Amino acid sequence: MSQLPNFLIQASAIDMSFGGRKVLSHGEAKVAKGEIVTLIGPNGAGKTTMVRIMLGLQMPDKGTVIRCPDLRVGYMPQRLNIDPSLPIDVLRFLSLGLSRGDAGHGLRSAALKEAGVDHVAHSPIQQISGGELQRVLLARALLRNPDLLVLDEPVQGVDVSGQAELYGLIRKIRDHRGCGVLMVSHDLHMVMAATDHVICLNQHVCCAGHPEIVSRDPEFVALFGESVAAELGIYHHDHDHEHDVHGDVISHNHDDHHHSHDHGHDHG
Amino acid sequence: MGMTMVDDFLVRALLAGCAVAVVAGPLGAFVVWRRMAYFGATLSHAALLGIALGLLAGIHVMLGVMAVSIVVALLMGVRHWRQNNDMLSEDTLLGILAHGSLALGLVVVAFLDDVRFDLNAYLFGDILAVTSSDLYWLYGGGAGVALILIYIWRPLLSATVHEELSIVEGVPVHTLRLVYMLVLAGVVALAMKVVGVLLVTSLLIIPAAAARPLSSTPEQMGVLASVCGCLSVTGGLWGSANYDTPSGPSIVVAALVLFMVARLIAGIRRSA
């Protein structure tokens, strides 16, 4: 299969089921250098499974994952659950991701600074806050100098202002390092603004593309409800058509049964 | 009696106990960090079956124990590798393995009518009967375990902290777990002589737990666990010689006292 020169990873025709329950059917995703790709979808849509398959943590029933040769992956897992009996501080935790030779103190401090958490360097890792932990995990992923950064629900347990900051940071890292980013998320609002390419999953790929286009896609609207879709569409007012709750296209002159937009309402 | 009785057998007991305690310390730290205390207990219960089979086959009991422990480690390793495709939890399976093999061991023992068999010595340890040839076994085995542990320390620590992160970073997590289980099986076989199969787990987890509040790095905890283990062996043997108490349980009681003292120190430090 021929690939573009900036290609990093591609998963094609992924099928996966657990105990007879189909989780993914014909899943597709690819990431290019310098591109932020976000997988969105409701709970149980197979987002995390897709990422695990792309990381090589899980073998799919069917389908292929192609990586560019010597791809360095920095992975930020959804959570970290270290037993409190293990005495380990943040700097030591970071060193575990490096080979023996590169475990220099300076590198690790720099990564913590880039992630904005250099103040927790000497704290026991079990005692830092959820938001700090996410950034420490990000620092560990960055330390590997990755071509591809994979983030599973990166803003989990982070408050709203912290979420915007964290997405901003991920963008900044991409701009600065030129790495590709693959994210999983189910909070739509901020992710839409921080993404180049959205893949909407619900067992199968419902729709994919630029966030603006996806937020107008009938399948997306059907999945997340019209009010959410409309809210996400705030920044584009050039609708040429609307969708009803079932995702069917309805024309503008049938505005009489069109729902009012519920701005400021949080989805979830 | 008392302290004047520094006889050969007591010196041998001390040497044997410390050899086991030194390797049981850091290995036990991993048992604590990975929440594998029940796995350790299962290995030690299964050890009795190993002893019985060893005697039945006419080979060194330690080889019998190793063989059975390896089978248990492999069974649990395969289960983990297949990623929980089993209806029964690990906890339940370990319980079945532990008590099933202990019972089977006791049944097999009943067939050994012509062998002089001191069940108590195996259940609770017989460190005062350690011979010079036992010492060779203990120091050879202990050195082997220590070398393997030093070699796998760093990746094993990484896998203990976050298994999937380690896999993505290229650590051979499944192989490491298997090696770790096998090494643990080896230490159970070695420690059996010191405290007996029923108390082996205590020698792994109590010194490590005692070291925890006094440590701020994983390595510190491993070394301190070794030190606590050696102190427990020394204290237990001293008590055993002075008060004529059973040696294995005395060592565990000494470890328990150390553990409580460490907790107390930590508590005082925190409130100060």
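Tutor: Along its sequence, chain B reads α-α-α-α-α-α-α-α-α-α-α. That is eleven helices and zero strands, where helices (H or I, at least four residues) and strands (E, at least two) are DSSP runs numbered from the N terminus. The model is predicted, so local features need pLDDT of at least 70 and side-chain atom pairs count only at pLDDT 80 or more, while totals for chains, interfaces and linings use all residues. Residues are numbered from 1 along each chain as its sequence is written, and chains are lettered from A and ligands numbered from 1 in the order in which they are written.

The C-alpha trace of chain B spans about 60 × 55 × 30 Å along its principal axes. Its radius of gyration is 19 Å, in agreement with the value near 19 Å for a compact globule of 272 residues (taken over C-alpha atoms; the rule is 2.2 Å times the number of residues to the power 0.38). Of these 272 residues, 47% are buried (20 or more other C-beta atoms within 10 Å of the residue's own, with C-beta atoms placed from the backbone). Of the contacts in chain B between residues at least 6 apart in sequence, 76% join residues at least 24 apart; a contact means C-beta atoms, placed from the backbone, within 7 Å.

Between the chains, 19 residues of chain B are in contact with 16 residues of chain A. On the chain B side, α1 (8–33), α6 (132–161), α7 (163–168) and α10 (218–243) each supply at least two residues. The most come from α7(B), with four. By type, the chain B side has nine nonpolar, six polar and four charged residues (Ala, Val, Leu, Ile, Met, Phe, Trp, Tyr, Cys and Pro are nonpolar, Asp, Glu, Lys and Arg charged, and the others, Gly among them, polar).

The partner, chain A, does contain strands. Three of them make an open antiparallel sheet in the order β2-β1-β4, two strands being paired if DSSP finds at least two bridges between them. At the edges are β2 (21–32) and β4 (62–67) of chain A, each with a single partner strand, so one side of each has no neighbour in the sheet. The twist averages 10° from one strand to the next. Five bridges link β1(A) (residues 7–18) with β4(A), and A:Ala11 is opposite A:Val65. Helix α1(A) (residues 47–55) packs on this sheet, touching β1, β2 and β4 of chain A, at about 125° to the direction of β1(A) (axes are lines fitted to C-alpha atoms, for helices over the stretch in contact; angles run from 0 to 180 degrees between N-to-C directions).

Elsewhere in chain A, β8(A) (residues 197–202) runs parallel to β3(A) (residues 36–40), with four bridges, and antiparallel to β9(A) (residues 204–209), with five bridges. A:Ile199 of β8(A) stands opposite A:Leu39 and has A:Ala208 in β9(A) as a bridge partner. The hairpin of β8(A) and β9(A) has one residue between the strands, and A:Gln203 takes a positive phi near 70°.

Helix α4(A) is mostly covered, with twelve of its 14 residues buried. The cover includes β5 (73–76), α2 (90–95), α3 (105–114), β6 (148–152) and α5 (160–177) of chain A. After α4(A) comes A:Asn145, with a positive phi near 55°.

Key
Two residues are in contact if their C-beta atoms, placed from the backbone, lie within 7 Å.
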